[in-house]
Amino acid sequence: MMGLRLTPWLCAGLLVAATAPLHAQEAPQGPVERVTVSGRAEATAPLDPTAFATVIRAEDFADRLTSVEELMRESVGVSVQSLGGAFATVSVRGSTAEQVMVYLDGIPLNHALGGAVNLADLPLAQVESIEIYRGFTPASLPAASIGGAILIHTRRAARRPAASASLSYGSFRTAESAAGFSGTYGRSEVSIGVDTFSSRGDFPYLTDLGTGSESRDDFRTPRRNNDVRRDHLTGRSTVRLGERAHLSFTTDFLKSDEGVAGVGSTLSSTSRYATERLLLRSELEAPGFWDGRLLLKGAADYGAYTETFDDPDGTVGLGLGTHNRIASLGQELGLVFVADAHQALSLLTSHRSETADLVRKGTEPSGLGTAGRDTLVATIEDQISLAGGRLLLNPSLRAERYDNHFELGPAGGIVPGSLVAGESRTTGKVGFRIRAGAAVTVRGNAGTFLRLPDFNELFGNRGAVRGNPALRPESGRNADLGIIFIRPRLGTHPGPSRLELTLFETNADDLILFVPTPEGTVLATNVGGARIRGMEMTCEIGLGRRFGGSLNATRQWTRDLSDWFSRGKPLPGRPRDELSAGAHLDLGLGRFTYTFTYVGPNFTNLRATADQALAARYLHDIGYRRRLSHGLQTILEVKNIGDSHTYDVARFPLPGRSLEGRLTWAF
């Protein structure tokens, strides 16, 4: 235990050394690549063959009691910030959470009202796979940002009718149930899933009552008003039209209600946060035109969100609460044209309209106004294969036009009246992949990306928050370069062994911060830039039939280049070192699993004050899965077996040791 605490990077080096002699053949592929998702790290990313991406399949976490939040934290280049309850956000390669696009079955979850996507609102029970694109967003996606993109795909229909059900229960009265059914009937495929989750969240923690370094008033107490209840329904149907074309419909509905406990001396026993989310999407794909060289694709989606925050005592928010309704409508039209055996051209046009009705609770009149955004995007991507497939070039351009508008409501607010703002930007990226030998692949990318200001930053929405319609988008210049060694299945070897080493750099300009003003408010302002440099390592190991393991490690250096007082300081919320390691051992009908997670020290403010920094985290989880008869299996897992009491973000306490069990039946 102490060895791990002192030398996480030494452990990484030892595992790399153990897998150094990798040698095999990686089969060349054409310019339009189709891959079978396999393993935790892909030799080729499904949507961009030059990108650095991680693909996590359902079978990769079938032996564990985990969540989207935990899977993200264990992935290379990814950081997760948690509030110790039912709210967690994701950062990729040192970006902010707002700079990462998150898609659920093709629908972007980042909405223009602002705020990062909550990973807890993405239940894992119905997930088939997760794709994490680090630093670069594939051109085939309608929205991009600086940090990259995360794509979550729900389960598709099985060829034969199949059903499953599961029940889980664990510490802090945490309970989860899930059920699903899918099947193929003639030309139609249908799948449906439902799950519920609830937890008291009353884990014990050490509170300092907001007095910081003063320890005489510290005491241990259960976390209060930290409960959550979540209900989720998802469905998909697909109809084959002719020989190759197909039309699909997906729907996703989520409803959650949770307590907002607060932190430090601003604890609350009454504040609540509730959300509802309805997503609908239809998609038509028609390949096979022009002698099979042309694929056409169209899609339309609708999203409706309701967010309600109640703070009757005024202890957490700036008022009594808010009630916001957000709606989005998107359309996409794309094609892929295979010019010849060495070149494929892809085009995509998309339009998205978003509106947000803003209401401040507890006042009359309560309507703050309506904010809206229309975005039009066009992308073009070219894949060029040279030297018999050993060299692949992948340039792309993205042109984006957005128009924002705000109509003042009867309640008035910081913004004096109706406002309109808009801008056009063009960004681009070029990537390459070289198969340098039988077992070696080299990849690299360079490009520019941007993040649009959200409605809160542009227009403000309540209290002391002042908007700034003159804000420029945050822009970014990304570059990465990496080398991959891979050895595919050999004889009875259980799977590919893989080693990936990557260097990356991000330079961001026009970063947006809320700057205090003499009037006692905060004003959204473009304050300057930041630079992030780092390296990533991914290693997968297979030793015999029974044992396998993986290791992911990230080291990054951040620097604030803004025009503010924090210039030259490290960026807060970006730990320099993060490491995760996992292993499994099969014995008969059972499998033992072990996961280790290390998160290095982490500054929490722009001044990088050492006494306010979060200490490093060393977390160990163990689990056991046992296959029973008639499709039954049981899983038992102990998380944080050392019972470490740690903190995240603005010193939000995290749970200590917890125990959870699950019974699953597939039939």
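**View 1. Just over the whole chain: 51% of the 667 residues of the protein chain count as buried.** Buried here means under 20% relative accessible area, exposed means over 50%, and partly exposed is in between (1.4 Å probe, protein chains only). This is a predicted model, where local features need pLDDT of at least 70, side-chain atom pairs count only at pLDDT 80 or more, and totals for chains, interfaces and linings use all residues. Residues are numbered from 1 along each chain as its sequence is written, and side-chain values use heavy atoms, with hydrogens and water left out. The protein chain holds five helices and 34 strands; these are DSSP runs numbered from the N terminus (helices: H or I, at least four residues; strands: E, at least two).

**View 2. Confidence along the protein chain, with an average pLDDT of 84.** That score is the predictor's confidence in each residue, from 0 to 100, and 87% of the residues reach at least 70. Residues 1-41 are another story: their pLDDT is below 50, yet the stretch has 93 contacts in the model beyond near neighbours in sequence. A contact means heavy atoms within 4.5 Å.

**View 3. An open sheet of five strands, in the order 1-6-7-4-5 with mixed pairing.** Strand 1 (53-57) and strand 5 (107-108) sit at the edges, each pairing on one side only. Two strands pair if DSSP finds at least two bridges between them. Zoom in on strand 1 and strand 6 (residues 127-134): they run antiparallel, paired over five bridges. Look for Val-55, which stands opposite Glu-131 in strand 6.

**View 4. Glu-243, in the loop between strand 13 (228-241) and strand 14 (245-259).** Why does Glu-243 count as exposed? Because its relative accessibility is 76%. Gly-288 is 45 residues away from Glu-243 in sequence, but their C-alpha atoms are 9.1 Å apart in space.

**View 5. A nonpolar patch on the surface, made of Phe-181, Tyr-185, Val-190, Ile-192, Val-194, Leu-233 and Phe-253.** Together these residues have about 580 Å² of accessible area, worked out by the Shrake-Rupley method with a 1.4 Å probe, with only the protein chains shown counting as cover for residues. Patches take residues with over 30% relative accessible area and no salt bridge, joining like charges within 9 Å and nonpolar side chains (Val, Leu, Ile, Met, Phe, Trp, Tyr) within 5 Å. A salt bridge is a side-chain nitrogen of Lys or Arg within 4 Å of a carboxyl oxygen of Asp or Glu. Strand 10 gives the largest share of the patch, three residues. Phe-253 belongs to strand 14 and is partly exposed, at 32% relative accessible area.
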